[in-house]
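This note sets out points for a colleague who wishes to check the model against its coordinates.

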Amino acid sequence: MSRSLRIAAAGIVAFGTLYALILAVLNAPQMQVNLPQQVALNLEQSGIDHPITAVLLNFRSYDTLLEVAVLLVAVVTGLALRERDALTAHTEQARDPMLHALTRRLLPLLLITSVYILWSGSYAPGGAFQAGALVAAAGVIARLAGYDIASRADVLLRLGLALGFILFLTVAVSAMFGGRPFLNYPEGWAGSLIFLIEAVLTFSIGLTLISLFVHAPGDSSPRGGDDDD
Amino acid sequence: MTIDLWYAIVGSIIVALSVFAFLTSRHLMKKLLAFNIMGSGVFLIMVGLPQHQHGVDPVPQALVLTGIVVAVSATALALVILRRYVRAGGNPAP
């Protein structure tokens, strides 16, 4: 197909998408249920003071559980695709003294901030995912500065990757022994269990993102990147 | 028109633009970027549209937060696969 024909076809498809989406947005039906009101009414018994964290880990915790499973599948696939030489590809880099000094001062700050964000998730915006992203950023910075944490503790890394999902699933299933439904927290324990799950999830999410970054194949392509687009 | 409805409309525009970019660009990296931006447009619609009806709604916000994390890890996985493909001798811009 010639280039101009391709662009014209893509333009027609894009305009069709735009037209359909804007029609759908403008003619969206009124919601039958007032979700913010429902959340506010049930916030008392969720064990958490912040609505978003309560939705994530109590009202809709099934989504979060499956999300952690998706992360685990992604990182297992990433680890299966790694190359043996990728681990040592960057270790000789970054003998830059400025970068080293900056990293040594920045890493503790990043980790402390992530613990704060995790803690604040129970009453303010924050929580496991934001804290996990900060942990991952700390790991990426450490990696770029030449600290090779991930390959030093390979077994621990694999355990840590699965830990969040395992703990979440254990808590979810353990409710069934008491005759309650799946993913139902025991009375009065919801707040502390949610915090425990969030803390372990932070660790696992951070490790997942770090190991997807660290174990990526090296950047030198045998053919050289030819981009003729 | 409220500002929240405007967010949803901007989200639709972003989705349409990235559909165009996804179809026209040949390089796999650009396709991946376009797909990511399409996801951002969907998130904007998902947050903007319920806010327009009932005010700030924590349920879609939590779902979008879940979606962002999944999108980040899926993008990382796609990059790993793309790099592996290039290192195995594949051409990223067929």
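1. Helices (H or I, at least four residues) and strands (E, at least two) are taken here as DSSP runs, numbered from the N terminus. The model is a predicted one: local features need pLDDT of at least 70, side-chain atom pairs count only at pLDDT 80 or more, and totals for chains, interfaces and linings use all residues. Residues are numbered from 1 along each chain as its sequence is written, chains are lettered from A and ligands numbered from 1 in the order in which they are written, and side-chain values use heavy atoms, with hydrogens and water left out.

2. Chain A holds eight helices and zero strands. Its elements, from the N terminus on, run α-α-α-α-α-α-α-α. Of its 229 residues, 40% are buried, where buried means under 20% relative accessible area, exposed over 50%, and partly exposed in between (1.4 Å probe, protein chains only). Among the contacts in chain A with a separation of 6 or more, 74% join residues 24 or more positions apart; contact means heavy atoms within 4.5 Å.

3. Chain A is divided into domain 1 (1-30) and domain 2 (36-214), with bounds that come from an automatic or database domain assignment. The C-alpha centres of domain 1 of chain A and domain 2 of chain A lie 38 Å apart.

4. A:Ser2 lies in the segment before α1 (3-26) of chain A. The relative accessibility of A:Ser2 is 43%, so this residue counts as partly exposed. From A:Ser2 to A:Ile22 the distance is 30 Å, C-alpha to C-alpha, for a spacing of 20 residues in sequence.

5. Helix α3 (residues 51-59) of chain A is mostly covered, seven of its nine residues being buried. The buried residues in α3(A) are A:Ile52, A:Thr53, A:Ala54, A:Val55, A:Leu56, A:Leu57 and A:Asn58. Their cover includes α2 (35-42), α4 (61-80), α6, α7 (154-177) and α8 of chain A, together with α3 (58-87) of chain B.

6. A:Leu72 sits in helix α4 of chain A. Leaving aside neighbours within four places in sequence, A:Leu72 is in contact with A:Leu161, A:Ala162 and A:Phe165. A:Leu72 and A:Leu163 are 91 residues apart in sequence, yet 9.9 Å apart in space, C-alpha to C-alpha.

7. A:Ala175 belongs to helix α7 of chain A. With a relative accessibility of 2%, A:Ala175 counts as buried. Apart from neighbours within four places in sequence, A:Ala175 is in contact with A:Arg180, A:Pro181 and A:Asn184. The C-alpha atoms of A:Ala175 and A:Ala8 are separated by 57 Å, the two being 167 residues apart along the chain.

8. How do helices α6 and α8 of chain A pack, and at what angle? Helix α6 (residues 128-144) of chain A and helix α8 (residues 190-214) of chain A pack at an angle of about 35°, with their axes 7 Å apart. Axes are lines fitted to C-alpha atoms, for helices over the stretch in contact, and angles run from 0 to 180 degrees between N-to-C directions. The crossing of α6(A) past α8(A) is right-handed; a crossing is left-handed if the near helix is turned anticlockwise from the far one by less than a right angle, and right-handed if clockwise.

9. On the α6(A) side, the residues that meet α8(A) include A:Ala128, A:Ala131, A:Gly132, A:Val135 and A:Arg143. On the α8(A) side they include A:Glu198, A:Leu201, A:Thr202, A:Ile205 and A:Phe213. The residues of this contact divide into 13 nonpolar, four polar and two charged (Ala, Val, Leu, Ile, Met, Phe, Trp, Tyr, Cys and Pro count as nonpolar, Asp, Glu, Lys and Arg as charged, and the others, Gly among them, as polar).

10. A:Thr202 is placed in helix α8 of chain A. A:Thr202 is buried, with a relative accessible area of 5%. Not counting residues up to four places away in sequence, A:Thr202 touches A:Leu118, A:Ala128, A:Ala131, A:Gly132 and A:Val135.

11. Chain B has three helices and zero strands, in the pattern α-α-α along the sequence. Its radius of gyration is 16 Å, well over the 12 Å that the globule rule gives for 94 residues, so chain B is more spread out than a compact globule. The radius is taken over C-alpha atoms, and the globule rule is 2.2 Å times the number of residues to the power 0.38. The C-alpha atoms of chain B fill a box of roughly 55 × 25 × 10 Å, taken along the principal axes. Buried residues make up 46% of the 94 residues in chain B.
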